[in-house]
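The structure comes before the notes.

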Amino acid sequence: MPERPFLMDQWYVCARKAELTRAPLARRICGVPLVFFRREDGSAVALDERCPHRKYPLSKGQLIGDDIECPYHGIRFGADGGCTLIPAQAEIPRGFGTRAFPLVEKSALVFVWMGDPALADAALVPDFFENDSPDWKPMSDYLRIEANWQLVVDNLLDLTHLTFVHKTTLASSGIQENPLIVAVEGDSVRARREMHNVEPAPIFRTMREFKGNIDRFQNITFCLPSHVHIKVEATPAGVNDDPDRAHHVVLNHLTPETERSTHYFWSITRRIRIDDDEISERLHRLNKMAFDEDVDVLRRQQEMVDMDASPLVNLAADKAVNEARRIIRRKFADEAARA
Ligand code: FES
Ligand SMILES: [Fe+2]
C-alpha cells in the first residue's frame, strides 16, 4: 500500500456519459462521496454530496432547475456548489456551500479532477477514440473490485495470468514463452508481447473464424493515473499485411473508490464485423466472464495483503508493472512536494 492512497491531481474516469442524467447519481471517488447530475443545458456537474448543513447525502435530493435541493431541510446548491437558498432564513452565509469538481466529457466517458482545480487542464485528458468512433464498435461494462487500484493496474500489466486465471476465454500458448518488451515514454509505459504461430484463444474465435494458428500481439499502454489501453492484434500465422491486424482494443479505467475498492470501467471495442450484434453479445459475455475471474483473484489478494505488510516480489514478467509503479511513485512525490 503506498504512503498516500491516491494521486489527486489527475483525470479519473468517474462515469460513462450516458450514466449522467437529470437523476442525481452518487459515487465515491478517491474516498470522496460525490453527486453527479446534468444541468438543464445538458452539461455535467459533480459536487461533494455531503450537504454542508448536517451532511445529509445530496444525491437523495431533487433538481430544481440547475440547483440540487437537499431533502432534509430544503437547502439548495447550484452547479458551482454555492448555496442558492435556505428556506428557513433570508441571508446566505458567505462562502456557504459544497465543493464542485471539474469534469470533462470525452470518448463517451466522464473524467473528474479531484485535486487542485487550478491544475485541472482539460488538454491532459487522454483520448480513447475507439470508444466513440464510427469505425469501432464498443461493448462496455462496469465492475466494482474489492482491491486497491494499484493491484488492479498490476493485474493488467502482467498478462501472464491469462494462462491460469482465464483458461476458457483469453488463454493461448505463447504467453509464458515470449517476454514483454517494455519502453517508458514520459509518464507512459508501453509493453508489447509477440506470439507467433499460436492457437487462437476463445475470444478471437468469438469474432472471426481462423482456419489455423495465428500470430498474436499484445500492445499495452499504461497512462496516468490508472488507464490501461490494450491493443490486440491477431492475424493468420505468417501473414503480415492482414487488414484486420488491429483486431480489438480493451480499454480499462481503474478509479479508486476507497483504498480497498476500485471502480473498473471497461470497454472491448472492435473494428471488425461491427454491425454483427450477435458478436457483440458473445464478446460481452466472454469478456465479462474473464473479468469476473479477475474480481475474485483481486479480492482474495487484497485480503492477504491486508494481513501481511511485507513487500510484493517482482519477477521478470513484472517489468511493466515496475515501470508504472515507478511513475506513480514519482507523481506521489510531486504531489507531496506541492502540498
Ligand atoms: S442537512 Fe441538508 S439541508 Fe439540512
Ligand atoms: Fe485478467
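Is Arg144 buried, partly exposed or exposed? I looked up its relative accessible area and got 41%, so Arg144 is partly exposed. I note here that the model is a predicted one.

**Entry: the partner of Arg144**

I next looked for what Arg144 pairs with. Glu146 forms a salt bridge with Arg144. The closest N and O atoms of the two are 3.6 Å apart, and the cut-off for a salt bridge is 4 Å.

**Entry: other salt bridges**

How many salt bridges does a search of the whole structure find? I got 25. I wrote down further examples. Arg192 forms a salt bridge with Glu194, and their closest N and O atoms are 3.1 Å apart. Arg192 has a relative accessible area of 22%, so I list Arg192 as partly exposed. Glu194 comes out at 29% relative accessibility, so Glu194 is partly exposed as well. I also took down Asp296, which forms a salt bridge with Arg299. There the closest N and O atoms are 2.7 Å apart.

**Entry: aromatic pairs**

I turned to the rings. The count comes to 7 aromatic pairs. One of them joins Phe129 and Trp136. Their centres are 6.4 Å apart and the angle between the planes is 85°, an edge-to-face pair. Are Phe129 and Trp136 buried, partly exposed or exposed? Phe129 has 41% relative accessibility, so I count Phe129 as partly exposed. Trp136 has a relative accessible area of 12%, so Trp136 is buried; the cut-off for buried is under 20%.

I then looked at Trp266 and Phe291. Their ring centres are 5.1 Å apart. Why is this pair edge-to-face? The planes of Trp266 and Phe291 stand at 90°, and the class needs over 60 degrees, so the pair is edge-to-face.

**Entry: the two domains**

I looked up how the chain is divided. Domain 1 covers 19-103 and domain 2 covers 129-338. The C-alpha centres of domain 1 and domain 2 lie 36 Å apart.

How much area is buried between domain 1 and domain 2? I got about 450 Å², and carbon and sulfur atoms give 62% of this. Which residues of domain 1 lose the most area to domain 2? They are Arg27, Arg28 and Cys30. Together these residues account for 71% of what the domain 1 side buries.

I sorted the domain 1 side by class. I then searched the interface of domain 1 and domain 2 for salt bridges and found 0. For polar contacts between domain 1 and domain 2 I counted 3 residue pairs, with both residues at pLDDT 80 or more.

Methods: Residues numbered from 1 in each chain as written. Chains lettered and ligands numbered in written order. Predicted model: local features only at pLDDT ≥ 70, side-chain atom pairs only at ≥ 80, totals over all residues. Heavy atoms only, no water. Domains from an automatic or database assignment. Buried area = accessible area lost by both parts, 1.4 Å probe. Salt bridge = Lys/Arg side-chain N within 4 Å of Asp/Glu carboxyl O. Polar contact = N/O pair within 3.5 Å; in protein donor to acceptor, adjacent residues only side chain to side chain. Phe/Tyr/Trp six-rings, centres within 6.5 Å; stacked < 30°, edge-to-face > 60°. Buried < 20%, exposed > 50% of the residue type's maximum accessible area, 1.4 Å probe, protein only.
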